Amino acid sequence: MHAAPAPASRPHTRIHHEDVFEDPFEWLRDKEDAEVLAHLREENAHTDSRTAHLSGLRERIFDEIRARTRETDLSVPVRRGEWWYYSRTLEGSQYGIHCRAPLADTADWTPPQLSPDTEVEGEQVLLDGNLEAEGHAFFDLGSFEVSTDGNLLLYGVDLAGDERYTVRVRDLRTGENLADEIPNTFSGATFSPDGHFIVYTTVDDAWRPDTVWLHELGQDVAADAQLFHEPDERYWVGAGFTRSDRFLMIELGSSVTSEEWIIDAGDLRGAARVVWPRREGVEYSSSHAVVDGRDVLYILHNHDALDFELVRVDAADPLGPTEVVIPHTPGERLLGFSTFRDWAVAAYRRDGLPRLALFDYARGERDELTFDETLYSVGTAGNPEWAPAVLRIGYGSFITPPSVSDYEIATGILHLRKQQPVLGGYDAADYGQRREWAVAADGTRVPISLVWKRSFGEPGDSARPLHLYGYGSYEHSIDPGFSIARLSELDRGVIFAVAHVRGGGEMGRQWYEDGKLLRKRNTFEDFVACGRHLVAAGVTEPSRMVAEGGSAGGLLMGAVANLAPDLFAGILADVPFVDALTTILDPSLPLTVIEWDEWGDPLHDAEVYAYMKSYSPYENVRDGIRYPRILAVTSLNDTRVMYVEPAKWVARLREAGVDAMLKCEMVAGHGGVSGRYNAWRERAFELAWLLDILGLSDA
């Protein structure tokens with residue numbers, strides 16, 4: 001057995017607001033230090049040694065994932081211009097192959113039925129991710145777009161996992177790349193509608209996208225024009241063209257405030273004009289439409305409207321008169337409004353679930369799409385055209401594999417185009433899903449979603465092994481979603497549950513507001529309340545329950561470990577934000593300043609400092625307490641939650657006598673390893689550890 005690493009304690013004192021904190025493992029922050037890298041390799045060797053007995057189970061789970069997945073497959077084609085665009089996956093290949101085929105008839109909106117064993121007439125391979133990734137341990141596409149005329153391909157590649165992309169341009173008529181190459185861009189570069197320019201963004205030293213650039217094809221990158229720069233470190237910047245191709249929209253956003261600037265797409269070097277000047281605490285987003293021959297903007301905003309309302313303004317004078325289109329309705333959180341030539345789509349949340357509705361410009365009314373399941377997820381997907389005859393939507397649930405359908409606008413008929421195949425005889429009727437409600441310490445009812453295999457009985461019939469997942473930050477909702485990998489748990493009798501804690505967006509904007517800043521502890525206490533509810537209801541028991549969360553959900557895991565160490569048998573923390581206070585105190589680190597709107601500013605506010613210190617996992621590890629077993633997974637090149645946070649946390653936990661392990665991917669980013677087979681093996685590793693904690697390693 002490889003011995004557990006014990007990094008040296010080195011003096012390091014942090015002093016803020018007269019509070020003195022000794023941080024003996026802060027030296028692990030220098031990832032260029034050979035001793036730090038050696039320590040991370042020792043951690044990996046220890047974890048490999050400790051989990052060697054699970055190698056067979058890992059292989060079985062990997063084989064199960066692979067056996068249930070149609071490895072050679074095609075996506076549903078998306079129409080854009082005179083082509084159908086789709087992707088292929090091939091058995092044994094890590095990455096997708098991006099293709100297109102010509103339309104047979106410009107009046108046809110029914111995508112061709114593609115089959116893996118049938119040749120597609122006129123198929124053209126645009127980009128093969130497997131060829132692009134050759135010789136590299138990591139590969140990720142951050143931009144991928146074809147010009148309006150269909151002749152040029154723009155794509156951005158990250159080969160390290162640090163989310164710095166090099167943009168390249170390929171002539172699809174010759175298959176050759178142009179000389180144009182733009183390094184160190186953020187994701188999301190795009191062609192101008194005429195195909196003569198590329199609009200892209202770059203980041204500052206803190207990894208914040210702050211500048212929008214205009215590159216003219218064929219010209220030196222050094223001559224690129226700066227379209228917009230945002231000096232305020234709280235704001236991220238992005239840019240994209242409206243679906244109508246009429247305007248370039250430059251979007252700025254902090255966690256609580258937004259602003260948009262608009263440039264005529266026909267004059268990209270012209271002056272930008274603001275849609276609405278920023279106002280602290282006001283968020284908005286706009287979408288262009290042409291109504292009664294007039295350019296208008298539909299603006300979704302939260303000024304005096306907690307769950308947002310929709311208004312319409314003249315695109316030439318957005319600061320002029322406003323017309324309320326969808327009034328604010330408390331408890332119905334408006335999420336988005338996508339405009340097309342003849343109609344629009346409204347996305348919103350009600351009763352903890354996402355909704356979609358068609359919006360008629362003339363009537364000014366919504367027609368909601370309805371579905372049979374009580375728990376589900378739905379959203380738009382793949383709708384690039386300005387005047388389509390159909391709306392492409394995606395649908396799924398915990399037990400229903402994701403599907404792609406086209407909603408025919410003229411008839412209201414929903415055409416199923418494809419449902420993700422699950423090989424091996426999967427039957428949704430063999431599984432169940434339902435929602436329960438826990439009661440938090442302050443009396444708030446917190447929803448819990450459950451999914452299980454029926455052959456093991458219903459939840460509550462007897463105490464069962466249970467996997468409880470949570471996130472609870474940034475108004476991000478964990479909606480019902482299907483997972484092939486999860487079947488390896490369910491088929492072994494594990495119940496999977498999601499705690500929809502405050503800080504997320506499941507129950508509307510107030511749900512988010514009640515789980516951030518000086519109310520952040522609600523997130524952690526809600527998760528504990530969900531765990532205790534499941535125990536009290538006889539669904540599980542502490543010795544048979546494992547918790548999981550990633551990123552900000554990893555902070556949740558660390559806080560819960562300190563708050564209720566007796567409630568769980570194990571805790572799986574993916575890229576966990578567990579040294580939160582140290583990070584948020586340092587404005588030179590990536591993302592720190594923009595995060596002050598989410599967590600508070602402990603650097604300048606003593607109350608925020610004391611509050612964050614009361615829950616930040618690293619500072620609150622307790623000696624002499626029986627903690628759950630803990631596995632932390634991280635990546636060396638993660639720019640969002642740096643590897644040093646879980647490295648320090650695990651070192652402190654182990655110092656306190658906790659059975660804690662660290663797994664660090666040495667070539668990966670925040671999203672983990674690249675390539676689907678690598679990702680399956682990574683998940684198999686985590687699930688094998690989880691099943692071992694639950695006493696199911698032989699199942």
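How much space lies in the largest cavity? The points below answer this and then turn to other parts of the structure.

1. Basis of the note. This is a predicted model, in which local features need pLDDT of at least 70 and side-chain atom pairs count only at pLDDT 80 or more, while totals for chains, interfaces and linings use all residues. Residues are numbered from 1 along each chain as its sequence is written, and side-chain values use heavy atoms, with hydrogens and water left out.

2. Cavities. The largest cavity holds about 110 Å³ of space. A cavity is a set of points, on a 1 Å grid over the protein atoms alone, where a 1.4 Å probe fits but cannot get out. Its volume is the space filled by probe spheres set on the points, which are joined across faces, edges and corners. By this rule there are three cavities of 30 Å³ or more.

3. Lining of the largest cavity. Lining residues have an atom within 4 Å of a point; among them are Trp84, Trp109, Gly382, Asn383, Glu385 and Asp406. Strand S4 (78-80) and strand S29 (390-396) are the elements that give two or more residues to this lining. Helices (H or I, at least four residues) and strands (E, at least two) are DSSP runs, numbered from the N terminus.

4. The largest nonpolar core. A nonpolar core is a set of buried Ala, Val, Leu, Ile, Met, Phe, Trp, Tyr and Cys residues joined through side-chain atoms within 4.5 Å. Buried means under 20% relative accessible area, exposed over 50%, and partly exposed in between (1.4 Å probe, protein chains only). The largest core has 128 residues, and Leu468, Phe527 and Phe568 have the most contacts inside it. Helix H12 (residues 676-693) supplies the largest share of this core, ten residues.

5. Helix H12. Of the 18 residues of H12, 14 are buried, so this helix is largely enclosed by the rest of the structure. The expected span of a helix is 1.5 Å times one less than its number of residues. For H12 this gives 26 Å, and the end C-alpha atoms are 26 Å apart, which agrees. Just after H12, Gly695 takes a positive phi of about 80 degrees.

6. Helix H7. Helix H7 (residues 552-563) has twelve residues and reaches 16 Å from its first C-alpha to its last, close to the 16 Å expected. Eleven of the twelve residues are buried, so H7 too is largely enclosed by the rest of the structure. The buried residues include Leu555, Met557 and Val560. Phe568 touches Val560, as well as Leu468 and Phe527 among others (contact means heavy atoms within 4.5 Å).

7. Ser287. This residue lies in strand S20 (residues 284-291) and counts as buried, at 13% relative accessibility. Its side chain is joined to that of Thr339 by a polar contact of 2.5 Å. A polar contact is a pair of N or O atoms within 3.5 Å; within protein, one must be able to donate a hydrogen and the other to accept it, and residues adjacent in sequence count only if both atoms are side-chain atoms.

8. Two positive phi values. Most residues other than glycine have a negative phi. Glu18, in the loop between strand S1 (13-16) and strand S2 (19-22), has a positive phi of about 65 degrees although it is not a glycine. Glu18 is exposed, with a relative accessible area of 81%. Tyr474 also has a positive phi, near 60 degrees, and counts as partly exposed at 32% relative accessibility.

Terms used: 1 Å grid on protein atoms, 1.4 Å probe; cavity = no way out; pocket = protein on both sides within 12 Å on 5 of 7 lines; lining within 4 Å. Lists of a residue's contacts leave out its neighbours within four places in sequence.
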